[in-house]
Structures are given as structure tokens and as C-alpha cells.
Amino acid sequence: LVSMALCDLPKPALAMSEENPQEGNYDDEDEVMMEEEDLIAMQFTPDPYENQDKRELVLKGEFILNEIHVPNDQIEETMGLFCKIDFTPHQQDPSQYPFYNDLVGASEHCLNHPVEFKLTDIAQEARDYDSVSSNGMHSPAPKGFIFHQPHAGASLLANTIMAASPETTRVVSPHRVITRIFNIHEDPHNSSQEQQQIQAFRDAVYMFGRSSTSTMKNFYIREEPSTTTHLSSVRQAFPDSKWVFLYRDPNVVLSKTIEASHERRACGFKNRRNPLKGLQGYVQSKSSKNVVDLTDEQVCSAWLGLLLSSAQQEYERDAVSGRLVNYDNEMNSEDGVMAVLEFLGVSTTEQEGAMERINEQRQKKANGNSFEGPTAWDTVGSSTEEKFSEEVVNANAEYVQADMTEFKL
């Protein structure tokens, strides 16, 4: 917008020259530069914290972690961006602001005035600050993590968790910070890279969970689908936290994924160009094909299969802390939802009206993200008879459906 506007800037009517010395003490170029600076400044709202100590605002919990960047994939140099985020809309109705980025997008401060600190340094400073009880800050360890295939009820579960006890709960759902920590390129010369990623993850989670509200004690994180391939690392970081993995009829999931152009591009084109860690090995374990030679349906089905097999492997290592949740069998009934909530340690008696709020959320579903901001959710409605393309059915038979049969899911 700035670039377009600058193209239409009017030329100064008069500028200082030998012929017009009385008209000012700057030339044509200086005036254009001043107008450019003014125009750029107009794009931003005033910073209400301009004259305050930004580090102190982070430590006091006024600013929350929003974004990170990893310079040259050097995880130990990870920088965190912090800004003012209001969690109240998510507490009032998580279906209206289902994603963390919806809250970020609603914050003018996040859009215009984020501040940056080295993540490992500010996280340690925050821990030291929080250890002084009179400072009134704390960060509860996450009680549970939600991993999932797309379109398998993760939004529904996250929102029912929030609805059960909004005054005592925070749900981060989902967030690109976590994905960026685990999806940096592997450095064959850095034997400690995985442990550095795990520590960066701990630091990020700690900064997400900080609160000055003493009643905030239930902290949950809904991961992005691809993070499931790093489930073992998440478990290393938080071995005492519960986790669930939601899956669904693969033909439904793949059809919905292929129909959504941005999702099709993410799992299809991007995975052919730069395969998710483990995807090439997974494909070759099923056939002699290479990822680059697969159709969109095939590579997306393989991706779904990789997520499922990653969760299954972790479940086989520890069935006490984890649970595989079939959307069709468990998330479509009140008893099923209640069983999953109970497994994750969610109380339905802590706050009055919990069941009413939970059932209200169960009657809503996501319409997806909107560039215009958070979107209202429609009443649930689904066809009882769905037809799937031959390409979807055949791809699943080769990849994710084969795993479901093997795992007896």
C-alpha cells in the first residue's frame, strides 16, 4: 500500500532553488523524503508504550510471545517477538477466536509495535522474575497437548477445553512459533541441535503460559498437524503432560484437504519441493516411489499416514500418557467428548455452567481462517452419505488407510 501510494505523491509546487530562495530551506528531494516518511508513519497507530521499558513489560506479563525468527537456522540464536494480546475474546467464546493468530490479528500493538528479545535470555529472565512470589507472575506447565490430522475435530476439542473453565484456562491453538522451532533445517555438524530445539520449545511454552492471574492453572496447547512428527521431542520436553492425537476416516480428511486449495498446496506442492522430515522414508517404506513423483492425493495421503504412524509409535511407547482419538467414534457424542476431556484432566465441575458451555461449542464448527479477521462458526451440518473420488480412495489405500488397517484403528 505504501509503495502504491508513493507512486501517486504530488511533486512539490515550489522548492528551494536559485530562482526561489525565499520558499524554504530544502530542495525537491528533501520534500519528497519528508512526505514519504509522513505517509509511512500514517500506516501505524501510535505506540501507547513508546516511553516504557519494553523488557519490564515482558517480565510483568503485559507483552506475550507472538512470533519468532531463527537467524540462518541457528536455533540457539532464536529471537522472540512480544506484544500486547488480550485473551478475553477467546475466553468469552473460543469459537469466535479459535486461533491464536486471531487474537494477534485483533491487536493493533502486535501488528504495529512488537518488540524483540533473544528467546533464551528473556525466558530465563522471566523464570527468575516469576520465582519472586511478590511479583505475582507464574507459568503453569502444560496439562496436555492436542495433535491431530486436519479436519479431525481438534478445534472442537480445544474449544470445549476452553469452555469448561474459561477463567482458569488458556489454550494456545495452533501457533506457528512451535512449527518454526521444529521445522528448521537439520545441521549435520550440530550434534546438539535437537536438544537446542527442545529447550527453545520449553522456553516458548513457558512464555506462552505466563499469567498474572493466580486462577490461571490449566494450560493446553493445540499443535499444528505437522508437529506430530516431532511428538517424541515434545514428550521429552514435557514428559508429565498428557497428549491426544485425533484422526478420522481418511477419505473424509483427504477429500477436505484436497478441496481446500491452501491445504492442498501445503501438503502437496510444498512436500514435493521440500518434504517434511521423515516423509520420503515413509513413502519408500510403502513403495519404491519418490515424493516428487506423487500426485497431490498421494503425497497428502502419505503425509496423513506419516502423522498417524508418528502418533502410533509414541503411543506404543507410552499408552498411559497418550491417547488416539477417533473423531467419528468419540468426538461426535457427549460421552465421547467427556471421556477425552477427563483424560486430559479437564474439570467440568470447576465452574458453574460448564456442561452448557461445552455443549454449546459442540454445536458449532469452524468455517476456516479469514483475512478479514475471526469468523463466526456455523451450526454443525454434515452429509451422512459422502462420495469420494477414485484418486482419493486409491491414494489412501496405498498409504494412510493401509496404516489404519495395520494398527487396527
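## A disulfide between two elements

In this predicted model, the link between Cys 83 and Cys 110 is right-handed, with 80° about the S-S bond. The two cysteines form a disulfide, and their sulfur atoms lie 2.0 Å apart. If the word is new to you, a disulfide is a covalent bond between the sulfur atoms of two cysteines.

Which parts of the chain does this pair link? Cys 83 belongs to strand β2, while Cys 110 sits in helix α6 (residues 108–112). These are distant parts of the chain, with the two cysteines 27 residues apart. The structure holds two disulfides, and this pair is one of them.

Let's follow Cys 83 into its sheet. Cys 83 in β2 stands opposite Ile 64. Strand β2 (residues 79–83) pairs with β1 in the antiparallel sense, over five bridges.

Together, three strands make an open antiparallel sheet, in the order β1-β2-β3. At its edges are β1 (64–69) and β3 (115–118), each of which pairs on one side only. On average, neighbouring strands here are turned by 35° against each other, direction ignored. Helix α7 (residues 119–130) lies across β2 and β3, and runs at about 90° to β3.

## The five-stranded sheet

Now for another sheet. Five strands form an open sheet with parallel pairing, and their order is β5-β6-β4-β7-β8.

Look next at β4 (residues 144–148) and β7 (residues 242–247): they run parallel and are joined by five bridges. Phe 147 has Phe 245 in β7 as its bridge partner. Helix α8 (residues 154–164) lies across β4, β5, β6 (218–222) and β7, running at about 160° to β5.

## The second largest pocket

Rolling a probe the size of a water molecule over the atoms shows where empty space is left. The second largest pocket holds about 370 Å³ of space. It is lined by 19 residues, and those closest to its centre are Phe 87, Arg 170, Ser 211, Ser 212 and Thr 213.

Which elements give two or more residues to this lining? They are α4 (88–92) and β5 (169–172). The lining of this pocket is made up of five nonpolar, seven polar and seven charged residues.

Terms used
Residues are numbered from 1 along each chain as its sequence is written. This is a predicted model: local features need pLDDT of at least 70, side-chain atom pairs count only at pLDDT 80 or more; totals for chains, interfaces and linings use all residues. Side-chain values use heavy atoms; hydrogens and water are left out. Two strands pair if DSSP finds at least two bridges between them. Helices (H or I, at least four residues) and strands (E, at least two) are DSSP runs, numbered from the N terminus. Axes are lines fitted to C-alpha atoms, for helices over the stretch in contact, and angles run from 0 to 180 degrees between N-to-C directions. Contact means heavy atoms within 4.5 Å. On a 1 Å grid over the protein atoms alone, a cavity is a set of points where a 1.4 Å probe fits but cannot get out, and a pocket is an open set with protein on both sides within 12 Å along at least five of seven lines; lining residues have an atom within 4 Å of a point. Grid points are joined across faces, edges and corners, and a volume is the space filled by probe spheres set on the points. Ala, Val, Leu, Ile, Met, Phe, Trp, Tyr, Cys and Pro count as nonpolar, Asp, Glu, Lys and Arg as charged, and the others, Gly among them, as polar. A disulfide is a pair of cysteine sulfur atoms within 2.5 Å.
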